[in-house]
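Good morning, everyone. Please take a moment with the structure on the screen, and then we will walk through its fold and the surroundings of its ligand.

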Amino acid sequence: MTKSVLHDGLSSDLVSPPGAQEAKDRLTVALDFPSAAEALKLVDRLEGACQWLKVGMELYYAAGNGLVEALRGRGYSVFLDLKLHDIPNTVAGAVRSVTRAGAGLLTVHAGGGAAMMRAAAEAANVPGGPRLLAVTVLTSMDAEELAGVGVAASPGNQVLLLARLAKAAGIDGMVCSAGEVEALRKVMGPETMLVVPGIRPVGSDIGDQRRVATPEVAIARGASMLVVGRPITKAADPGAAARAILKEIGRVVATTD
Ligand SMILES: O=c1ccn([C@@H]2O[C@H](COP(=O)(O)O)[C@@H](O)[C@H]2O)c(=O)[nH]1
């Protein structure tokens with residue numbers, strides 16, 4: 001079994017069950033809140049269940065780099081999900097602006113094209129710069145919605161096309177649904193980071209998501225990291241909801257080590 005290393009440098013299996021730290025590193029909780037105060041209240045209720053916290057547009061537009069720094073100050077790694085999508089020069093500038101806060105991961109939209117992604121990758125390639133993830137086809141879109149924006153390809157084929165474009169442009173990883181992660185893992189190899197939102201534990205509300213899977217299925221198919229928002233943040237006990245998901249992740253991790 002691979003020993004994961006805790007952030008204080010201790011081997012995790014000295015202090016917690018095998019796979020526990022790895023499971024924590026593979027869960028990102030999406031802090032979709034309108035203010036820093038509400039986000040930090042939720043963080044307290046997670047009781048350290050995950051290492052990564054995702055700050056999306058709603059929270060970043062309200063709280064900015066200050067919140068990213070505050071979360072890092074509490075020992076969390078920050079995934080900045082801004083889904084940048086503009087002309088190459090503008091996206092490169094945005095990457096430089098957000099890099100100052102020290103986020104570990106940052107998203108761009110693969111639909112912005114190869115030149116845009118290359119410009120983002122160049123701007124992020126500085127000491128302390130974030131790893132970049134390309135959002136392929138939003139997990140809220142199904143084939144019908146994709147056709148509505150003029151894309152005749154299936155979500156699976158479109159994800160594959162955009163992922164190849166992103167990799168060739170120097171992007172570190174991709175965001176896709178659990179439905180595509182197995183095929184993508186085969187094409188991209190073991191090192192590429194494949195991040196999967198649209199996670200719904202059995203019995204939870206699907207809401208606006210369309211391409212969904214349980215935590216266990218997504219990890220078993222080859223996801224590097226899961227993004228979970230409402231199933232945790234809207235739960236009566238967010239800490240318990242996060243721990244239940246960690247258990248599902250841990251079950252798969254333990255059998256694949
Ligand atoms: O294709 C994508 C890309 C990003 N997301 C983000 O993930 C979370 C999911 O939240 P839930 O509440 O678990 O649905 C949210 O912040 C999205 O912006 C995504 O869902 N799909």
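This is a predicted model: local features need pLDDT of at least 70, side-chain atom pairs count only at pLDDT 80 or more; totals for chains, interfaces and linings use all residues.

Eight strands form a closed barrel in the order 1-2-3-4-5-6-7-8, with parallel pairing, where two strands pair if DSSP finds at least two bridges between them, and where strands (E, at least two residues) and helices (H or I, at least four) are DSSP runs numbered from the N terminus. Neighbouring strands of this sheet are turned by 25° against each other on average, direction ignored; axes here are lines fitted to C-alpha atoms, for helices over the stretch in contact, and angles run from 0 to 180 degrees between N-to-C directions.

Residues are numbered from 1 along each chain as its sequence is written.

Let us look at one pair: strand 5 (residues 131–135) and strand 6 (residues 173–175) are joined in the parallel sense over 3 bridges, and A134 has M174 in strand 6 as its bridge partner. Helix 8 (residues 178–188) packs on the sheet and touches strand 6 as well as strand 7 (193–196), its direction making about 180° with that of strand 7; contact means that C-beta atoms, placed from the backbone, lie within 7 Å.

Which residues come nearest to the ligand? Of the 18 around it, they are A30, T139, P197, G229 and R230, counting a residue as near if its C-beta atom, placed from the backbone, lies within 6 Å. Strand 8 and helix 10 (230–233) are the elements that give two or more residues to this shell.

Technical notes: Two residues are in contact if their C-beta atoms, placed from the backbone, lie within 7 Å.
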